[in-house]
Amino acid sequence: MATYLNKDQTKDFHENGYVIVKNFFNEDETYLLQNASKKDPAIRDHLYERKDSEGLITKMMAWNHPDDSIYGVTARSEKIVDTMEDLLGGEVYHYHSKITAKEPYEGGAWEWHQDYGYWYNNGCLFPFMATVMIALDKCTKENGCLQVLSGSNKLGRVDHALLESGQVGVDLKRVEEAKKHLKLVYCEMDPGDVLFFHCNTLHRSDKNNSPNRRWTLLCCYNAARNNPFIDHHHPKYTPLKKLPNNQIIKAGKKFLDVGCGNGMIPRLISSLTEIKYSWGIDPFLDLSLIHISEPTRQEAISYAVFCLK
């Protein structure tokens, strides 16, 4: 287990709740990830929509188990997993991944929230969880890059509730108070840059006001020692098979070689019945797409993780 961050970057993550790493993926890796996001029909066919308070749309796709596509291989790559294990202090497993797509001028905004505000309700007792956001496109203020409150990871878990906008987030009065003490940071990134952030870090994003798309790939991890104590639509501890970093390019080239016709074959899960039925699925059989279409009022907070960013 060898982190790909230096000591200062690791310190920044623990002190501020986030760290941006430039050029974490090289040009070839970044090109192949971008190419797959644009040309894989499995993505185009399974993106679903989430609206903000203005009716603007963010398109999303989420899955639990990483397969051998370039997305799954990236989530299992040594440089990501080893870094996560160093940041979280031990073995981790893949909790879920998602693609978020903000199209030009119509990509919606997301309210302030913590990921642990949702994951706590999934039976994850401790906040030993984090996410890496991979920039597939240039992320700027204009196209709705992620915003964080630096140091908000030290606030602990803040209660989340259904907001007037229809999204689930934290009390905005508490956010305004936190802003008096913590710095607001716009996490602008170039393609291939990554953002590691803690599950208690408060974050949000604005709508896309630019002529450029803003797509990101987010891979979320939980510590193996933090195995959820209740069954849920995200997996309990599942051993993660790490892969050498060179497998990213191999997977991306394989996608090109087959003519972009079969990048990932996700199994659509569109109802709570199917989700429950799927809990026993072999995690390495396929990449399981999750689409929670109409959660009940009681389940809204837990399932709202699919409405983020």
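Rings of Phe, Tyr and Trp, the last through its six-membered ring, count as a pair when their centres lie within 6.5 Å. With that in hand, welcome to some close-up views of this predicted model.

**View A. Aromatic rings meet around Tyr93.** The structure holds eight aromatic pairs. In one of them, the rings of Tyr93 and Tyr95 have centres 6.5 Å apart and planes at 80°, so this pair is edge-to-face. Both Tyr93 and Tyr95 are buried. Tyr93 also forms an edge-to-face pair with Tyr237, at 5.7 Å centre to centre and 85° between the planes. Because Tyr93 lies in strand β4 (residues 92-102) and Tyr237 in the loop between β13 and α8, this pair ties together parts that are 144 residues apart in sequence. Together with Trp119, the residues Tyr93, Tyr95 and Tyr237 form one aromatic cluster.

**View B. Two charged side chains sit over rings.** The charged end of Lys79 is found over the ring of Phe24, 5.4 Å from its centre. Over the ring of Tyr120 sits the charged end of Arg157, 3.6 Å from the ring centre.

**View C. Helix α2 and what covers it.** Helix α2 spans residues 27-39, and its 13 residues reach 18 Å from the first C-alpha to the last. Among the buried residues of α2 are Leu32, Leu33 and Ala36. The cover over the helix's buried residues includes α3 (41-44), β6 (129-135) and α8 (246-257).

Key:
Residues are numbered from 1 along each chain as its sequence is written. This is a predicted model: local features need pLDDT of at least 70, side-chain atom pairs count only at pLDDT 80 or more; totals for chains, interfaces and linings use all residues. Side-chain values use heavy atoms; hydrogens and water are left out. Helices (H or I, at least four residues) and strands (E, at least two) are DSSP runs, numbered from the N terminus. The expected span of a helix is 1.5 Å times one less than its number of residues. Buried means under 20% relative accessible area, exposed over 50%, partly exposed in between (1.4 Å probe, protein chains only). Contact means heavy atoms within 4.5 Å. Rings of Phe, Tyr and Trp (its six-membered ring) pair if their centres lie within 6.5 Å; planes under 30 degrees apart count as stacked, over 60 as edge-to-face and the rest as tilted. A charge sits over a ring if NZ of Lys or CZ of Arg is within 6 Å of the ring centre and within 35 degrees of the ring normal.
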